Amino acid sequence: KSLNWIEIQTLVEIIVISARIENYNPAQFLYNSLTSKDFNTSAFNDRNYLPLIYSTLARIFGMMSELEKVLELTNIGMDYCTTYETSSSYSNLAMYNAYAHLELGNTNEAKESAKLAFLQLYIEKKPNKFRQFQESFEKKFNMKLEDLIKL
């Protein structure tokens, strides 16, 4: 029912390695823990780590095409970032959210999430990451970033 910080860090490493060999059982275990009503975030002294965990897990569920779980994880992660005023991983969470919405045919929600990702990157002054996201966005959405900004 409860995991301490070291257990979660270790589990995340196991999840990443397991995903490479298409073993997603550890990811499912952590997903069940993070989305449980009983999950306690008090074990996290530094509020920047938990959004990274949500982001990593959302990416893995995206690889599995479990888009509803991606949306749930990214929404929880983005809410966490907003609540605790941390920008850690917010742009990744918003972009994964956008991609999941796009795959599910929720075009308007996808574009709104993509805008949030780009706004966050702009605020953080991360031009290299901005360019990487732009290339990925334009390829997946089949539209120019300038057209998204106009919406």
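In this predicted model, 14 residues line the largest pocket. Arg-59, Met-95, Tyr-96, Tyr-99 and Lys-140 lie nearest the centre of that pocket. Of the elements, α5 gives the most, with six residues. The volume of the largest pocket is about 310 Å³. By class, eight lining residues are nonpolar. Three are polar and three are charged.

The axes of α2 (residues 25-34) and α3 come within 11 Å. They cross at roughly 130 degrees. An angle over 145 degrees would count as roughly antiparallel, and 65 to 115 as roughly perpendicular. The two helices, α2 and α3, are therefore oblique to each other. Their crossing is left-handed.

The contact of α2 with α3 draws on residues from both helices. From α2 come Ala-27, Gln-28, Leu-30, Tyr-31 and Leu-34. These meet Leu-50, Ile-53, Tyr-54, Leu-57, Ile-60 and Phe-61 in α3. By class, 10 residues of this contact are nonpolar and one is polar. No charged residue takes part in the contact of α2 with α3. The lining of the largest pocket, by contrast, has three charged residues.

Technical notes: Residues numbered from 1 in each chain as written. Predicted model: local features only at pLDDT ≥ 70, side-chain atom pairs only at ≥ 80, totals over all residues. Heavy atoms only, no water. 1 Å grid on protein atoms, 1.4 Å probe; cavity = no way out; pocket = protein on both sides within 12 Å on 5 of 7 lines; lining within 4 Å. Points joined across faces, edges and corners; volume = space filled by probe spheres on them. Helix = DSSP H or I, 4+ residues; strand = E, 2+ residues; numbered from the N terminus. Nonpolar A, V, L, I, M, F, W, Y, C, P; charged D, E, K, R; others polar. Axes fitted to C-alpha atoms, helices over the stretch in contact; angles between N-to-C directions. Parallel < 35°, antiparallel > 145°, perpendicular 65-115°, else oblique. Left-handed = near helix turned anticlockwise from the far one by under 90°. Contact = heavy atoms within 4.5 Å.
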